[in-house]
Amino acid sequence: KQKNIYVIESYLLIGKARFFKYDFFPALETFNYIIKQFSKDKKAINLVAEAQLWAGRCQIMIGNQSSAEAYFEELLNNKKINKKLKADISASMAQSQINSKQYEAALLSLTEAIENGPNRQQRIRWTFIQAQLHEKLGNNHEASQAYKDVVRMKPSNYDMLFTAQLSRAKNFDVYMESSNIV
């Protein structure tokens, strides 16, 4: 039994490094090792959950959407993991759903991620993606509202701000909205 939590964090860091090097299979092996070896350790529950999240992300990258969604579903049903991790899980689930062209389900997952996300920049990014999904589905009014929300959140990325304003104008519905700009 591992008594030092930093060893588990080190394995997690190795897995993330492999993921960002696009070595998805070795990264998946590392994450699965963490899940298998440390899942019974009560101190490491959030680290094991994070390993499951990253294993699901690896599954997305290798094209195994159903396996990724199984990881995410298991994590979302776990009541013991923290709120920040739940937001990341919901966003990753949305990515998987977008890849499999389940746009309505992705909108729901993104809404959950936005509600739970503690990081302001991530919430802005997820709102922007939500607006793009509404636009793709032809929901011009909802897309315009979501782009308006992005502009109101004042993103630090100027390109995102400019694109949100431009896309809001493109999706603007004169019958549904006031012409007042933010």
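Which element gives the largest share of the lining of the largest pocket? That share, 6 residues, comes from α5, where helices are DSSP runs (H or I) of at least four residues, numbered from the N terminus. The model is predicted, with local features needing pLDDT of at least 70 and side-chain atom pairs pLDDT 80 or more, while totals for chains, interfaces and linings use all residues. Residues are numbered from 1 along each chain as its sequence is written, and side-chain values use heavy atoms, without hydrogens and water.

- Two or more lining residues come from each of α3 (45-61), α5 and α7 (120-137).
- The second largest pocket holds about 230 Å³ of space, and α3 supplies the largest share of its lining, 4 residues.

**Packing of α4 and α5**
- The axes (lines fitted to C-alpha atoms over the stretch in contact, with angles from 0 to 180 degrees between N-to-C directions) of α4 (residues 65-76) and α5 (residues 83-99) come within 10 Å and cross at roughly 155°.
- That makes α4 roughly antiparallel to α5, a term for angles over 145 degrees.
- The contact (heavy atoms within 4.5 Å) involves residues including F72 and L76 of α4 and I89 and M93 of α5.

How values were computed: Angles under 35 degrees count as roughly parallel, over 145 as roughly antiparallel, 65 to 115 as roughly perpendicular and the rest as oblique. On a 1 Å grid over the protein atoms alone, a cavity is a set of points where a 1.4 Å probe fits but cannot get out, and a pocket is an open set with protein on both sides within 12 Å along at least five of seven lines; lining residues have an atom within 4 Å of a point. Grid points are joined across faces, edges and corners, and a volume is the space filled by probe spheres set on the points.
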